[in-house]
Amino acid sequence: MTPAPANLLSRFIGVVFSPRATFLGIVAAPRWIGMLVLIAVFMSLATFLFLSTEVGRQALLDQQVSTMESFGMTVTDEVYSQMEGRLSFAQYTGSIVQFFTLPIMYVIIAGILFAVFSAAMGGEAAFKQVFTVVVHSGAVSVVQQLFVLPLNYVRESMSSPTNIAALLPMVPEGSFLAYLLGAIDIFVIWWVMVLAIGLAVLYRRRTQPVAVTLLVIYAVIAVAIAGVRSWMGGS
């Protein structure tokens, strides 16, 4: 029996606390606009509020410098001053970029998943259904921001406090292992699992092989990121 369509708040809470039962209703009546707007607005507002503070702007500057240096770039005083001068409107550019790039990212992810599960593996699902599953899995990102932003404000940092590297400070900074663990985040793993449940419901497959496939892809991406950063940092 197909569950009755749920309202936006019920779907959001359901994806977080009871994803399988919630996705049964979502794939039967795929509605994505409300959830996409909710997530995009929240993420943009969170970015705006954080970067409106002096702590947030300095954290952004520190992150930009750290990222550039990790790729082997030298940040001169002139470059630093230019970057510092752009901080006055960082909350506007950051929130706007967040609002418009999030839907694009969801479309790309949904397109890849649709190509793999529908085109390559012969699954029966419409792109709208896949996109709806991807969008709803983004509810985890909202929970992540609610958890991470206060910690980042206290830490005065934009680096994720929930990546594995942050939980293992004894790992040598700048090493391949540090970059690898830094690319693996507990909330991203949760998101992958929720996404796997949604796809399993949609394509009527067991969750375990779908989750393993997505986690392997995530691991490969993490290794690639760590490899590039380690190579650039050491060059």
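This is a predicted model: local features need pLDDT of at least 70, side-chain atom pairs count only at pLDDT 80 or more; totals for chains, interfaces and linings use all residues.
**Entry 1: H1 and H2**

Helix H1 covers residues 8–17 and helix H2 covers residues 19–28. I looked up how they pack and found an angle of about 140 degrees, with the axes 6 Å apart. H1 and H2 are therefore oblique to each other. I noted the cut-off, because roughly antiparallel would need an angle over 145 degrees.

Next I listed the residues that meet. From H1 they are Arg11, Gly14, Val15 and Phe17. From H2 they are Pro19, Thr22, Phe23 and Ile26. Sorted by class, the residues of this contact between H1 and H2 are five nonpolar, two polar and one charged.

**Entry 2: H3 and H7**

I moved on to helix H3, residues 33–51, and helix H7, residues 127–137. Their axes cross at roughly 35 degrees and come within 9 Å. I also looked up the hand of the crossing: H3 passes H7 in a left-handed one.

Which residues make the contact? On the H3 side I wrote down Met35, Leu36 and Ile39. On the H7 side I wrote down Phe131, Val135 and His136. The residues of the contact of H3 with H7 comprise five nonpolar, one polar and no charged.

**Entry 3: Methionine 35**

Met35 had come up in the contact of H3 with H7, so I looked at this residue separately. Methionine 35 lies in helix H3. Is methionine 35 buried or exposed? Its relative accessibility is 0%, so methionine 35 counts as buried.

I then looked up what methionine 35 touches, leaving out residues up to four places away in sequence. The list is Leu8, Arg11, Phe12, Val135 and His136. Of these, Val135 and His136 are also among the H7 residues in the contact with H3. Arg11 is one of the H1 residues that meet H2.

Methionine 35 and valine 188 are 153 residues apart in sequence, and their C-alpha atoms are 19 Å apart in space.

**Entry 4: H3 and H8**

H3 also has a contact with helix H8, residues 139–155. I found that the axes of H3 and H8 cross at roughly 10 degrees and come within 10 Å. H3 and H8 are therefore roughly parallel to each other. The cut-off for roughly parallel is an angle under 35 degrees.

The H3 residues in this contact are Ile39, Phe42, Met43, Ala46 and Phe50. From H8 I listed Ala139, Ser141, Val142, Gln145, Leu146, Leu149, Asn152 and Tyr153. By class, the contact of H3 with H8 has ten nonpolar residues, three polar and no charged. Ile39 is in this list, and Ile39 is also in the contact of H3 with H7.

**Entry 5: Aromatic pairs**

How many aromatic pairs does the structure hold? I found eight. To read a pair, I needed the distance of the ring centres and the angle of the planes.

I took phenylalanine 48 and tyrosine 92 to start. Their centres are 5.5 Å apart and their planes stand at 65 degrees, which is edge-to-face. Phenylalanine 48 is in helix H3 and tyrosine 92 is in helix H6, residues 90–120. The two are 44 residues apart, and the pair links distant parts of the chain. Phenylalanine 48 is partly exposed at 27% relative accessible area. Tyrosine 92 also counts as partly exposed, at 45%.

Then I looked at phenylalanine 127 and phenylalanine 131. The ring centres are 6.1 Å apart and the planes are at 15 degrees, so this pair is stacked. Both residues lie in helix H7, four residues apart, about one turn of the helix. Phenylalanine 127 counts as partly exposed at 32% relative accessibility, whereas phenylalanine 131 counts as buried at 7%. Ring pairs link Phe127 and Phe131 with Trp32 and Phe114 into a cluster.

**Entry 6: Two positive phi angles**

I finished with two loop residues. Glutamate 156 is not a glycine, yet its phi is positive, about 55 degrees. Glutamate 156 sits in the loop between H8 and helix H9 (164–167). It counts as exposed at 53% relative accessibility.

Arginine 204 is not a glycine either, and its phi is positive at about 55 degrees. I found arginine 204 in the loop between helix H11 (186–203) and helix H12 (207–234). Arginine 204 is exposed, with a relative accessible area of 75%.

Methods. Residues are numbered from 1 along each chain as its sequence is written. Side-chain values use heavy atoms; hydrogens and water are left out. Axes are lines fitted to C-alpha atoms, for helices over the stretch in contact, and angles run from 0 to 180 degrees between N-to-C directions. Angles under 35 degrees count as roughly parallel, over 145 as roughly antiparallel, 65 to 115 as roughly perpendicular and the rest as oblique. Contact means heavy atoms within 4.5 Å. Ala, Val, Leu, Ile, Met, Phe, Trp, Tyr, Cys and Pro count as nonpolar, Asp, Glu, Lys and Arg as charged, and the others, Gly among them, as polar. A crossing is left-handed if the near helix is turned anticlockwise from the far one by less than a right angle, and right-handed if clockwise. Rings of Phe, Tyr and Trp (its six-membered ring) pair if their centres lie within 6.5 Å; planes under 30 degrees apart count as stacked, over 60 as edge-to-face and the rest as tilted. Buried means under 20% relative accessible area, exposed over 50%, partly exposed in between (1.4 Å probe, protein chains only).
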